[in-house]
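This report describes selected helices and a strand pair. The sequence and structure are shown first.

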Amino acid sequence: MRQVMNKEQMVMILNELRNENIEEIEVVEPYFENRLLKIKIEDEGYGIELSSKSDLDVPVSRGEYWDKKEIPGFNEYKECLISSGFVDFDNWVDFKDWIRYLYRSEKEPGLSSEAVFLTIDTNMAYYRLISRRFPLRYDDLTIQAEDFDYLLSSIVEGEIDHHIRYKYGKEDLKMMGLHTEIDDIRYNFRNRGTLETRKAKFATEELNYLRGDLNAARIKGDASKTDSERNDISIVRSLENFAWDKNIDVGIISTDRNMANHAENSEIAFFVLEMPHSIPKIKTVDASIVMNLLHDLSLMFGAVRIPKINTVLFGIWGGKRDIDYESESVKAWINPSSPIEKSLKRDLNILSSFESA
């Protein structure tokens, strides 16, 4: 069975694991069969056991590989752990307090008479901060992403779009198989985006969420193609001018301390999220985090295998459309020998009949 599945449909895979009394599965990357995750099916939620950095070592010299930049490794793995929501930024509690203060300043006129507009630096788009981390829940209230207005810098858009450039060709696919176990999986990569392109398309979905669902106002700025520091200054300057012109408050979110310094000098509110240094090896999460992990790992590594159920989840494949990126879909190859193949096919057919009725 070969089926394009969005994240809501992918939950059926977890349901069938429970129905078949499968207690745990391993998720491995396709290049060297290194284990990425172990997922344990629990009564309440799913226990995720991570791999260590040494577990993801590349067993060949990167110089022997067809292109050393195309080997997804621990950095991509860690990025997926953050973007999926599995691991929080180190100062996440402080960030929630900051957001709460901005929220109150809008709702309580005594704190501020100006509207609050949030905006993100380029790096935050890759971590899917707004689309994945909201709503933020507190003991006494819940803050939705829609509770704020948003700005989006054209420079941020340009920096991400600049990385959507390259695709794999025939020679890339040939070289890809020389030192790896990737076998027939690689042919689904033909004419699809390289690792850098895939990352940028992933970040673009955050921009689309801001532009679409949140109706962010676009702020134009003068961009440099080579100087990221100059771009940071231009982003802040254009935000400062817009804030003065419209009499609003702006809050910029970044992981870059230099960006924060530029914002501070322009008297723009900012928050610097600190990258996680300690990652829990084992953690129980809900199905939404599992779906995010499976999608993000499939996209960054191109595909992931689930040997226990004879399944491959592709993040890139021939014919992948913009709507597949938007719905965060994967293409599932489920072998007829899989214990879940027949029941999953039945479930999808039933769902399809309801949707077409």
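A crossing is called left-handed if the near helix is turned anticlockwise from the far one by less than a right angle, and right-handed if clockwise. The model is predicted: local features need pLDDT of at least 70 and side-chain atom pairs pLDDT 80 or more, while totals for chains, interfaces and linings use all residues. Residues are numbered from 1 along each chain as its sequence is written, and side-chain values use heavy atoms, without hydrogens and water.

Helices (H or I, at least four residues) and strands (E, at least two) are DSSP runs, numbered from the N terminus. The crossing of α9 and α10 is right-handed. The contact (heavy atoms within 4.5 Å) involves the residues tabulated here.

| Helix | Residues in the contact |
|---|---|
| α9 (residues 228–246) | Glu 229, Asp 232, Ile 233, Ile 235, Val 236 |
| α10 (residues 257–265) | Asn 258, Met 259, His 262, Ala 263 |

Helix α6 (residues 154–161) is mostly covered, with six of its eight residues buried (under 20% relative accessible area, 1.4 Å probe, protein chains only; exposed is over 50%, partly exposed in between). These are Ser 154, Ile 155, Val 156, Glu 157, Glu 159 and Ile 160. Their packing partners include β5 (116–120), α8 (195–211) and α9. At the start of α6, a side-chain oxygen of Ser 153 comes within 3.0 Å of the backbone nitrogen of Ile 155.

Strands β2 (residues 24–28) and β3 (residues 35–41) run antiparallel and are joined by five bridges; pairing requires at least two DSSP bridges. Glu 24 lies opposite Lys 40 of β3.

Terms used. Axes are lines fitted to C-alpha atoms, for helices over the stretch in contact, and angles run from 0 to 180 degrees between N-to-C directions. A polar contact is a pair of N or O atoms within 3.5 Å; within protein, one must be able to donate a hydrogen and the other to accept it, and residues adjacent in sequence count only if both atoms are side-chain atoms.
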